Amino acid sequence: MNEYSILIGGKAGDGISQAGQIIGSIFSSLGYHVYQYVDYPSLIRGGHNFCIIRAAKEPIFTHRTKVNAIIAFDQQTVDTHLDKLANHGIILFDKDKVKTEGVGISITQIINELQGIPIMGNTAMIAVLFRYLGVPWEHVESVLSRKIPKKIEKNLQIAQAAWKTVTPGLNISPISGETKPFLSGNEWIAIGLLAGGIDAYIAYPMTPSSGVLHFLASVAEETGITVYHPESEIAVILMALGFSYTGKKSAVGTSGGGFCLMTEGLSLAGQAELPIVIIVSQRTGPSTGLPTYTAQSDLMFIRHAGQGEFPRWIAAPANPDEALRLGAEAVQISSQFQIPAFILTDKTFSEGIYTGSSSLPRTEPTTKPGPTFPYNRYADHPDGISPVLSPPYPGESIKVNSYTHDVRGITTEDPQVTRFMVEKRKRKQQVLCEYVDRPENIFIDGDKNATTGIICWGSVRGPVTEAIQTMSVRIISPLILEPFPKKSFLKAMEGVEKIILIEESAMGQLDKILREHGIVPDQQILRYDGRPSAVEELEEQIRRYV
């Protein structure tokens, strides 16, 4: 077998997601590329949770429709997912709780005999899985010892007792190469922010973006950044803009509902020309929608949010490497151009867990013209970007203003000054457009001479890349969505005669941007049930049009 898919399911509170992450880490330590899909209802407690962990020799970005093994902590897992089990697949289950065919282990009995606690059943089941797969105990033990934070001796005692009850059914082979980092999309983005030199992260928890807050809070002391959780999203963005005024590189994170509350602060950033990075992780809407499920339906909202006209930058990473690069670039772009810079992602990428590169993106310090004195915060410059001076600076007043203002930051309603400041921001927009329109901001894959092109963005690109392996099609995927890199995109489209657009929205969000630039898709594959597509599902849909 070249790859393995494992489904693990149980009740909320059983530690399903953490157990899945440990399984993925063991595969990663064997040299495999790993992806983990996490599925759970939006409940405070209870409900059915499951994860699909897929390990392969090549990079992977989604799940398959069938799995090779099901680990069942409760009867519902078997009843709900039995149809996903591949031929010759196996069910591993706690026979004290589940009635089915497969490999049953008395997990509850083992825990009781060794005086453990119920959550330790996860460790036991992980041991059973890798015993069945033929992985040596020493290897499993070393990963468990690193990943389990509490009572490791008791956990290992229970795991080894469960291990001894099972006979190996397979003999999987390690892959040469180093262990790959196995992190969630939110964590990859957060590391990108750190690589970009972020000083402060402010957020109110909101699924599915909360992982960025949790990760950065966990490393705040060692990195020296400020992480703060205020009372609301309105406070979040205003506090971040306060950091920005003082010269600190700040970022916030939220999802659609939270970003609604931030939009007036966003306009303040536009008028006051305060840099800020905003992470928006999309989920199914409108309103509360499906809080723990995915969508790509907020692009037009993010693109047009806020009153008035001002430049902004929107990037959509599709994999860990792009999350690192674009996270770092967002910090630099927002600071260099003094604008809001968005990382637009979704639940699939935010909470999906991926193996990726351990190399951080290289960031180059930007050269900016220094301020002249007496200092004017909004002094004119050919590129529309005013030199920045941060307070306190003896002898100088550094004014920022949400009202229309002159170059000193003093409020005005003079029509000539109003027009002058608007044109200054328009010049900055033009420079930003030229900066963004580069070939590296367009991802091209597949058959690069094919006359059929698939256009997609964000997390959807991963499964598309896998689905078209045996087809003669070209993938064209923009990494930057605003300003749209039109010249580079059209260059990548040369020779394409038939266009298929794939998005996870009902009305087509990127579709509207493409049509602004005269690009009209021939076919659309739209998904809007909150679930990401498996490889086979997309392959079947694409073949209808190729």
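View 1. E273 is buried, with a relative accessible area of 0% (buried means under 20% relative accessible area, exposed over 50% and partly exposed in between, for a 1.4 Å probe and protein chains only). K428 is also buried, at 2%. The side chains of these two residues, K428 and E273, meet in a salt bridge at 2.8 Å, N to O (a side-chain nitrogen of Lys or Arg within 4 Å of a carboxyl oxygen of Asp or Glu). K428 lies in helix α15 (residues 415-436) and E273 in the loop between α11 (256-272) and β11 (276-282), so the pair ties together parts that are 155 residues apart in sequence. Helices (H or I, at least four residues) and strands (E, at least two) are DSSP runs, numbered from the N terminus.

The model is predicted: local features need pLDDT of at least 70 and side-chain atom pairs count only at pLDDT 80 or more, while totals for chains, interfaces and linings use all residues. Residues are numbered from 1 along each chain as its sequence is written, and side-chain values use heavy atoms, with hydrogens and water left out.

**View 2. The salt bridge of R303 and E516.** The side chains of R303 and E516 meet at 2.8 Å, N to O. The pair links distant parts of the chain, with R303 in helix α12 (residues 299-304) and E516 in helix α18 (residues 509-516), 213 residues apart. R303 is buried, with a relative accessible area of 12%.

**View 3. An exposed pair and a network.** R544 and E540 form a salt bridge at 3.7 Å, N to O, and both residues are exposed. E3, R54, R64, E466 and E536 are linked in a network of salt bridges. The count for the model comes to 21 salt bridges.

**View 4. The largest pocket.** Its volume is about 730 Å³. On a 1 Å grid over the protein atoms alone, a pocket is an open set of points where a 1.4 Å probe fits, with protein on both sides within 12 Å along at least five of seven lines; lining residues have an atom within 4 Å of a point. Grid points are joined across faces, edges and corners, and a volume is the space filled by probe spheres set on the points. The pocket is lined by 31 residues, of which S17, Q21, S184, E351 and I353 lie nearest its centre.

**View 5. Make-up of the pocket lining.** The largest share of the lining of the largest pocket, 5 residues, comes from α1. Elements that each supply at least two lining residues include α1 (16-29), β2 (33-39), β7 (182-184) and α14 (347-351). By class, the lining has 12 nonpolar, 13 polar and 6 charged residues (Ala, Val, Leu, Ile, Met, Phe, Trp, Tyr, Cys and Pro count as nonpolar, Asp, Glu, Lys and Arg as charged, and the others, Gly among them, as polar).
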